[in-house]
Amino acid sequence: MKKIIITFIFVCACLTSQAQMNLVLNGSFEQHDSCPDNADQIRLAKFWDAIDTNYVFLDSAFHSLQDQYPEYINICGTGFGAAPINGNFHHSPRTGNGMISSDIFNDYYYVMTAGLNCFNYFQGRLVSNLTAGTSYCVSFFVTQEQGSSYSISKIGAYLDDGTIDTTHAPAKVQSQYTPQVLDTNVIFDTLNWIRIQGSFVADGAEKFITIGMFFDTGHLTYISNTWCGGHLSAYLVDDVSVIASNTKAYAGRDTTIIPGDSVRLGPALNGDGMPCYWYKLGISTAIDSGGNTWVKPAATTSYVVKMDLCGTVAYDTVNVNVGHVGVNDGSMTQLLNCS
């Protein structure tokens with residue numbers, strides 16, 4: 001089994017430049033340094049942080065205006081980092097085990113000190129700078145936490161060279177920046193994941209993506225929720241992706257496994273968080289989402305991946321043959337040939 005999987009990954013690596021790839025590192029928040037057990041632990045998710053990277057975890061009993069940071073959530077977590085049951089929501093990640101909880105808007109400080117609303121922002125790294133003049137599709141999924149007091153509009157994503165990280169007041173509205181991707185609808189769904197998406201042409205400096213709300217209260221719509229008092233407009237976020245708009249769907253190379261084995265389909269690198277769905281050929285019900293999936297067919301089966309890049313839908317099919325294959329026979333030799 002191990003030799004077959006290694007061979008499959010090796011073949012996919014040869015095709016990375018020709019196949020789909022999420023340019024956001026850890027776009028599904030699966031990779032983490034440790035399981036979250038408290039608030040403000042966004043940086044436990046590898047390649048992600050708040051926009052003030054100099055902050056210290058829980059540096060005071062009560063957060064000041066200067067230290068409002070999102071939470072990293074994982075099913076292995078406890079306390080503020082727990083899922084699916086949490087003091088602020090009851091929800092599982094859209095895919096995998098990890099997601100982010102962010103107080104997109106908080107008017108608690110407006111009550112305490114007039115005008116001082118708080119806003120959460122979190123930032124992720126890209127694989128490399130985007131290519132100038134190239135169009136990219138950006139997407140991420142949100143759902144509102146049941147503990148929210150407000151539902152709001154204009155949640156968006158801003159891509160830059162990291163300059164936004166130089167702010168001295170990360171919890172103040174960052175209205176000096178214009179998000180390339182923006183949803184103008186008020187998002188109030190606490191059950192389903194809502195996709196926010198949009199395309200833009202890169203200038204070549206972009207190497208970070210920041211998610212939040214970049215408008216002050218005079219330029220957004222927010223609706224008070226009757227089910228919950230308080231001061232928060234909090235959302236869960238999962239599956240963040242930045243993908244070149246001309247990218248083709250890629251289900252992987254046809255491969256052969258022995259009965260009882262499983263195999264990973266899709267690109268070898270950075271498939272997590274992608275706007276894709278997987279199907280068995282001829283069946284309309286999806287079996288998985290994201291750029292990769294693991295399958296364990298009992299008999300030879302064909303699988304289809306559907307990728308939706310900001311409304312442009314593409315498909316690709318891969319065949320998984322089930323049979324007794326030796327590591328030195330012709331089938332395996334063919335798999336090792338990347339030409």
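Which residue in β10 is the bridge partner of Gln123? Hold that thought for a moment, everyone.

A word on the source: this is a predicted model, where local features need pLDDT of at least 70, side-chain atom pairs count only at pLDDT 80 or more, and totals for chains, interfaces and linings use all residues. Residues are numbered from 1 along each chain as its sequence is written, and side-chain values use heavy atoms, with hydrogens and water left out.

Back to the opening question: Gln123 has Thr210 as its bridge partner in β10. The strands here are DSSP runs (E, at least two residues), numbered from the N terminus, and two of them count as paired if DSSP finds at least two bridges between them. Strand β4, residues 122–125, and strand β10, residues 208–213, pair in the antiparallel sense over four bridges.

Both belong to an open sheet of five strands, in the order β1-β4-β10-β7-β8, with antiparallel pairing. At the edges sit β1 (48–50) and β8 (181–183), each pairing on one side only.

Now please look at β12, residues 232–244. Twelve of its 13 residues are buried, so this strand is largely enclosed by the rest of the structure; buried means under 20% relative accessible area, with a 1.4 Å probe and protein chains only.

And who are the partners of β12? Strand β3, residues 98–106, runs antiparallel to β12 and is joined to it by six bridges, with Asn106 opposite Leu232. Strand β5, residues 135–144, is also antiparallel to β12, through eight bridges; there, Phe141 has Asp238 as its bridge partner.

Thanks, everyone!

Technical notes: Buried means under 20% relative accessible area, exposed over 50%, partly exposed in between (1.4 Å probe, protein chains only).
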